[in-house]
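Subject: Structure for you to look at

Dear colleague,

I am passing on a structure that I would like you to read through alongside the notes in this email. Please keep the sequence and the model open while you go through them.

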Amino acid sequence: MKFDYDTIVIGAGTGGLAAGIALKQGGSNYLILDKKDEIGLPVRSTGAVSMEWVNRIGMPTEGKIVRSMINSILFRTDTGKSISLKYDHPVGLVYDFTTYEKYLASDFAGDLNIRLKTRVTSVEGNEIKTDSETLTAKNIVMAAGPQSTFGEKLPRDNFLVAYEEIRELPKRDDYEMILWFSDKVPGGYFWDFADTDNTRKIGLCYYPLTPSKPKDVLEKFTKQFPEVEGKLISTIAHQIPLGPPFETVVKENRMYVGDMVNAVLNTTAGGLQGAFWSGMEAGKAALKDKPALYQAAWTNEIRPWLQKHHELHRRMNKNGAKSIGRLMTMAKFMPKSVQKRVFGGL
């Protein structure tokens, strides 16, 4: 059977773009489809990534896509406990999310073959129907995000709500990143990330176990810690899957990546790393027309790392902020080098 494309990628977020990069670099006949109007919008991430992951999987670090570097981190509870970590080198970075995804789409490996404003209505076998045509492909990379009708629906107790406000605030001279663990945001934390010299990212993520709106929860936190109060510039809001990483990510000719298979670091709710890594591996497998290679990479490399973070998150939040407080108390007796490995590697 002759196909229109070797591979069709559904979704032009980080996972889909990473798959496209691998496919383009390998000379494949591929196409990326997405219903949105513009790459990188709407914004679905704080953009914060640890350098451990950047170096491990080859994520880009070009200056034009980076808002700020992270050299110092403060972990806090709202009961007064804390762990302070300062480094002589960057341990993290904060992407300008829109610019970062545009970079993946056009600069990382050259212009990718992307068709925007195209809604996929069904996927059956090798056939993909859109709102305007029917296409065929030998392999399909499913990178449509956590709320896609083509993936498993997220149970209400298995995802975090994330909400962030970029606020007009001066650059701090102590920490680029501060994380507050609190029972006001069960299973998550409040954050204060560096953005520009005149702005900072103030936000939260947590299990939505109460009817309270994230904006209202963040406002109450701001009143408790007025140091983060500033003029509102912009907001983002999205959901983050927080269950264990899936065991099976390949079904016949379909390879599922990113949020669709919980490729998320549960300790930090960071999804960019898992999306990029899984997307690249799926793209490489599609190049060889061997989806099983992606399943092997997931089982042997990607999933064990994600599972470690999942289990650590469960232990950290077993008894709410008390668990975090106990961990911080124990950390006080660790050598500083061990503290940095334990907390800085999150």
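Below is what was found, from the whole chain down to single residues.

This is a predicted model, in which local features need pLDDT of at least 70 and side-chain atom pairs count only at pLDDT 80 or more, while totals for chains, interfaces and linings use all residues. Residues are numbered from 1 along each chain as its sequence is written, and side-chain values use heavy atoms, with hydrogens and water left out.

The secondary structure of the protein chain comes to eight helices and 18 strands, where helices (H or I, at least four residues) and strands (E, at least two) are DSSP runs numbered from the N terminus. Of its 346 residues, 55% count as buried; buried means under 20% relative accessible area, exposed means over 50%, and partly exposed lies in between, with a 1.4 Å probe and protein chains only. Among the contacts in the chain with a separation of 6 or more, 72% come from residues 24 or more positions apart, a contact being heavy atoms within 4.5 Å.

Two packed helices are described by the angle between their axes and the distance between the axes. Here helix α1 (residues 14-25) and helix α3 (residues 97-106) pack at an angle of about 25°, with their axes 9 Å apart; the axes are lines fitted to C-alpha atoms over the stretch in contact, and angles run from 0 to 180 degrees between N-to-C directions. The two helices are therefore roughly parallel to each other, a term used for angles under 35 degrees. The contact is made by T14, L17 and I21 of α1 together with Y100, E101, L104 and A105 of α3.

T222 has its place in helix α4 (residues 214-224) and is buried, with a relative accessible area of 3%. Leaving aside residues up to four places away in sequence, T222 touches R167, V228 and E229.

Some backbone details also deserve a careful look. Most residues other than glycine have a negative phi, and most peptide bonds are trans. L41 and P42, however, are joined by a cis peptide bond with omega about -5°, and P42 is found in the loop between β2 (30-33) and β3 (48-50). E252, which is not a glycine, has a positive phi of about 55° and counts as exposed at 74% relative accessibility. N262 also has a positive phi, near 60°, but counts as buried at 5% relative accessibility.

Note on methods
Parallel < 35°, antiparallel > 145°, perpendicular 65-115°, else oblique.
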